[in-house]
Amino acid sequence: MGKGENKTPAQLAVEATRRALDNAKLSKDEIDGLFTSRPPQGDHRAQMNVVLAQTMKIAPKFSSELTIHGAGIVSALGYASLLVSAGLAENILIVNAEAALDPMGDRRTGNALMETNVWFDVPYRPFTPALYALIANRYIHEYGVKPEQAAVLPVQNRKWAVRHPYASMKDKGEITVDDVVNSRTIVSPFHLLDCAVFGRPVGRGGAIVVTSMERATKLTDRPVYILGFGERAVHDNLTDRLGESNSPPKELWSTITTSGGAFASRDAYRMAGIKSDDIDVAHVSDQFSYIGMINLEDAGFCPKGKAAKYLEEGNIDFGSGRLALNTNGGFLSFGQTGAGGCTDFIIETARQLRGDAPGQQVKDARYGLILGHGGVMSCSSCCILGNDSAGGAS
Amino acid sequence: MELDPDLGLQLSIEGIPYARVHPQPDVRAFWEGAEKGELRLRKCKACGAFLHPGKIACTKCLSQELEWVKSSGKGTIYSLCKVNYVFTPEVEGKLPYFLALIKLEEGVYFFGIILKQDAREPSIEMSVKTVFDSDNFFERPYPKFVLV
């Protein structure tokens, strides 16, 4: 992964690519597929995948931006594996970089326009945390969640972050539940520490190479396999989500406290042939604590509405929990630079399974899961990974 | 600020034309209704579904034969949040304010703002009605919600 310091997204993307290719023992001349995801907020050129192909002077056989909001980068793993399985490409580069040098600088013009209906919603001055707050307050209303229960997520995420070399909160020390619930309220129900660090690290790049099993086992003795994937594109604006439709899954049109991730993860588990109990390490999008709770449910780790109990029982506690969750610190403590924070989740999960985690290493991890979403819980994508101890891929 | 010459609707923000971001659906009737203090919704002529005024097609059957109907303007709070943060300068001095998703009687969900008119704090499932109000950001009357 690249480190920030005033580099542009394109520079970070190329740097990440070089490191990934070195790691995979491939040259750029062997890349035959290239996927990027939601374009960086720090570079608004259309078709970042083509911009990068041009920058690196390669002509991949298959290339696209996969933009189901920020979840697209997770879906890239599935699409890449389909192409490799079909024998149509062999060395697929998935790359994402962001350097939102002033992510709040265009908050006036950019944020409401991106997230809501220009003609009806903008006059009320919505902004992303307020929109997520609508989800969180409904979730609290439906399931009776207390602030101290939600606070467990930021507290535990921070424990991983202070041990992670790239986490934006690594030098800020651990926090307690009291710290979270006593931090100032930004928009109900979110206290400051219930919110992800947005815009930091200032810049980051990540690159992943997907190749065939034959190739992977020749290039490394610790391959990580793509075992299952699934996704759902559900809405573009949260304000549009609730309405009449008979299109499946019908329950999504009458709720904002379940994401498409609930269905994406079921597809992924079915494809991988495993259950949520089998997962050792997971990363789920946690733009806000309550949202992370919803994703824990939608990832199948606990039933809908039961994440508070799941957290209270210590299931994700650092060191002792049965599930190593958000081992890079999550959006809450690792940070989210702008678009495409899920890239960090993929890389961290894969490195945990490979045994070379940058921070605290999870012991004996066999299966990993990523459930990412982008927008305002708009589109979700799930991918399940495993290593040789998981029995490899079938 | 660039305004629509007929309706006075804001057409751009900070120099970025809205139409480049999102072409304007045919919503003149909505704003004419707002002038009269009416909240208007869309109704599908083919299947009868009630729709948000911004929809261009029926979400049940895809028909684009949509008519305008008057809503009662009454509903309940489906969700809300209390904003205590100055995200853009024009809300300075106006905190806190309440954003909400309102479930109208017709089954349509409308995003808007709740004006606090008395000591009651708005919360989910409280009943609301629609009022029309202009302000320093939007020069023509537009829908806002108050507790009944």
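Helices (H or I, at least four residues) and strands (E, at least two) are DSSP runs, numbered from the N terminus. The model is predicted; local features need pLDDT of at least 70, side-chain atom pairs count only at pLDDT 80 or more, and totals for chains, interfaces and linings use all residues. Residues are numbered from 1 along each chain as its sequence is written, chains are lettered from A and ligands numbered from 1 in the order in which they are written, and side-chain values use heavy atoms, with hydrogens and water left out.

Backbone features of chain A were examined. Lys25(A) sits in the loop between α1 (9–24) and β1 (33–36) of chain A. Its phi is near 55°, a positive value in a residue other than glycine. Pro189(A) lies in the loop between β4 (185–187) and β5 (190–191) of chain A. Pro249(A) is found in the loop between β7 (225–233) and α10 of chain A.

Helix α10 of chain A spans residues 261–272 and holds both Asp267(A) and Arg270(A). These two residues are three apart, about one turn of the helix. Their side chains meet in a salt bridge (3.3 Å, N to O). A salt bridge here is a side-chain nitrogen of Lys or Arg within 4 Å of a carboxyl oxygen of Asp or Glu. Over all chains, the structure holds 27 salt bridges.

Helix packing was examined in chain A. The axes of α3 (residues 72–85) and α14 (residues 342–354) of chain A come within 7 Å and cross at roughly 50°. Axes are lines fitted to C-alpha atoms, for helices over the stretch in contact, and angles run from 0 to 180 degrees between N-to-C directions. Angles under 35 degrees count as roughly parallel, over 145 as roughly antiparallel, 65 to 115 as roughly perpendicular and the rest as oblique. α3(A) and α14(A) are therefore oblique to each other. Ile73(A), Val74(A) and Leu77(A) of α3(A) make the contact (heavy atoms within 4.5 Å) with Cys342(A), Thr343(A) and Ile346(A) of α14(A). By class, this contact has five nonpolar, one polar and no charged residues. Ala, Val, Leu, Ile, Met, Phe, Trp, Tyr, Cys and Pro count as nonpolar, Asp, Glu, Lys and Arg as charged, and the others, Gly among them, as polar.

The interface between the chains came next. Chain B places 53 residues in contact with 40 residues of chain A. About 4,300 Å² is buried between chain B and chain A, and carbon and sulfur atoms give 67% of this area. Buried area is the accessible area (1.4 Å probe) that two parts lose on being put together, summed over both. In chain B, Tyr78(B), Phe87(B) and Phe111(B) lose the most area to chain A, together 19% of what that side buries. Two salt bridges cross the interface. Lys60(B) forms a salt bridge with Glu244(A), the closest N and O atoms being 3.5 Å apart.
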